[in-house]
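Trainee: Please take me through this model, one question at a time.

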Amino acid sequence: MKKLFLLVVSLCFFPVLLPAQSTLEVDANIKTSKKIMDGFMDLRFGMFIHWGPVTLRGTEIGWSRGNQVPVDEYDHLYKEFDPVLFNADKWVKTAKDAGMKYLTIIAKHHDGFCLWPTAFTNHNIMHSPYKKDIVGELAKACKKQGIKFCIYFTVLDWYDPNYPIHLPGSKEIDPKADMNKFVNTTMKGELKELVTRYHPYMLWFDGNWETPWTQKYAVEIYNYLKHSDPNVIINNRLGKGEHTEITSTTVGDYATPEQKIGALNMKDPWETCMTICHQWAWKPNDKMKSLKECIQTLSKTSGGNGNLLFNVGPMLDGRMEARQIQRLKEMGDWLKIYGESIYNTKGGPYAPNDTFATTRKGNKLFVHIFSNQPGALRLPELTGVKVLQAHFIGGAKVSFRHEANGDLLISLPMQLPDENDSVIELILDSNAENIPVIAMNKN
Ligand code: H79
């Protein structure tokens, strides 16, 4: 009895002696390795694809059901979804020509429609007139063309009777729903199909803010997936918490700022997801970003040490819009010249702003210049290194000098060689990757 009393007391006072709690933390042995994450971050640029029956209405996939489109109408759209011009090879070639290295398709969005032939619901592509495995065809085309294939999967499902919430943004809980059954049967079953059939490089979860979704489910699903494929990468929207950060309790491998460029972070991997137009899903005549905005978004993302997952919403007939294909090709053409300053680089040491961003690799520091500066660009001191030489990538030498206070002054020509982003390569006397971060003003 005394022994038991002592044991209880010691357990109360020395909680660290307790065995590791297994339910709310991911086992360190199973977590995606730094080596795999470094490989992912080297890719820098990927394509996000939002698509489904909702394109028949041209409204948003994430919040138009029950808003712009009545529920009864929305839920029957798949019966006329027949994208006869869908061609997986063309989509993947569009990504490849843009210089993208990976592709993420929404296999299932919040509306619960599945783009692959799942055994767990009839609400899938085989019950549309099209009857072809979109996810499978894309996986195959990506493999053929050397693009990493990734899958988006949301934890919510307005359509499934066992998921407790049935409308966007709603807090109303359906008493007849059974979340445990939804997670353990439907979600796990669907994920198992996706992982074992299509072997995704990365899984992009969404919807972690919903109240029925808990940290306990997240840990369970993370462990479940990593036991199935120890190498699969998982974003931080599987666990609860802020999208923009990685903390000690985060379940997932990298942060996911949405529609904004993440802050410079040399420690935690991150990927900004952003739309080429306004909507995630196709919208007729949606306003498209300029080439300048597209290229600078990619450079600022790389400059912050992050990846860019750039979204395209294909049309209801299965094609991507010609103007979007053209815009992406223009990004690819820019990358053909300047790719060395994007892929396989690290961001920093300067935090990107609207004037410039920097990336680095070995003894090279790349300065991306976004707008012409009268005469010269002044950079605060790069501690511990000297610049030996400078030139525009694919172009002329650039003159520079180290000022008495340590600032680096780079002379600029009247006309920059690239109106969207001209890149100056600085050759340093030592490794640029060791320079500590330098905070910058916004402009
Ligand atoms: O898949 C894309 C979006 O559909 C999904 N995440 C990315 C990757 C997403 N789903 N929900 N949300 C993002 C957040 C929704 C915010 C909203 Fe709203 C608040 C929807 C309605 C109110 C913001 C404000 C958007 C419309 C009004």
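## Cavities, pocket, ligand and sheet

Trainee: How do the residues of the lining of the second largest cavity divide by class?

Mentor: Ala, Val, Leu, Ile, Met, Phe, Trp, Tyr, Cys and Pro count as nonpolar, Asp, Glu, Lys and Arg as charged, and the others, Gly among them, as polar. The lining includes I276, W282, K283, D286 and Q324. Its residues divide into five nonpolar, four polar and two charged.

Trainee: What should I know about the model itself?

Mentor: It is a predicted model: local features need pLDDT of at least 70, side-chain atom pairs count only at pLDDT 80 or more, and totals for chains, interfaces and linings use all residues. Residues are numbered from 1 along each chain as its sequence is written, and side-chain values use heavy atoms, with hydrogens and water left out.

Trainee: What volume does the largest cavity have?

Mentor: On a 1 Å grid over the protein atoms alone, a cavity is a set of points where a 1.4 Å probe fits but cannot get out, and lining residues have an atom within 4 Å of a point. The structure holds three cavities of 30 Å³ or more. In the largest, lined by P53, V54, Y74, D75, L77, Y78, D111, F113 and H123, the space is about 60 Å³.

Trainee: Which helix gives the largest share of the lining of the largest pocket?

Mentor: A pocket is an open set of points with protein on both sides within 12 Å along at least five of seven lines. The largest pocket holds about 530 Å³ of space, and of its 27 lining residues the closest to the centre are M37, D253, K267, D268 and P269. By class the lining has eight nonpolar, nine polar and 10 charged residues. Five of the lining residues, the largest share, come from residues 34-43, helix α2.

Trainee: Which side chain has a polar atom 2.8 Å from a nitrogen atom of the ligand?

Mentor: The ligand is surrounded by 13 residues, the closest being H50, H109, H110, D206 and E258. The side chain of H109 has an N or O atom 2.8 Å from an oxygen atom of the ligand. In the side chain of H110, an N or O atom is 2.9 Å from a nitrogen atom of the ligand. The side chain asked about belongs to D206.

Trainee: How many residues of strand β9 are buried?

Mentor: Buried means under 20% relative accessible area, with a 1.4 Å probe and protein chains only. Strand β9 covers residues 356-361 and is mostly covered. Of its six residues, the number buried is five.

Trainee: Which residue in β10 stands opposite T359?

Mentor: Two strands pair if DSSP finds at least two bridges between them. β9 and β10 (residues 364-369) are antiparallel and share six bridges. Their hairpin has two residues between the strands, and G362 there takes a positive phi near 55°. Opposite T359 stands F366.

Trainee: Which strands stand at the edges of the open sheet, and why is one side of each left without a neighbour?

Mentor: The five strands run in the order β8-β9-β10-β15-β12, with antiparallel pairing. Within it, two bridges join β8 (residues 346-347) to β9, and six join β10 to β15 (residues 422-428). Each edge strand has a single partner strand, so one side is left without a neighbour in the sheet; the edges are β8 and β12 (387-392).

Conventions: Near = heavy atom within 4 Å. Polar contact = N/O pair within 3.5 Å; in protein donor to acceptor, adjacent residues only side chain to side chain. Buried < 20%, exposed > 50% of the residue type's maximum accessible area, 1.4 Å probe, protein only. Helix = DSSP H or I, 4+ residues; strand = E, 2+ residues; numbered from the N terminus. Points joined across faces, edges and corners; volume = space filled by probe spheres on them.
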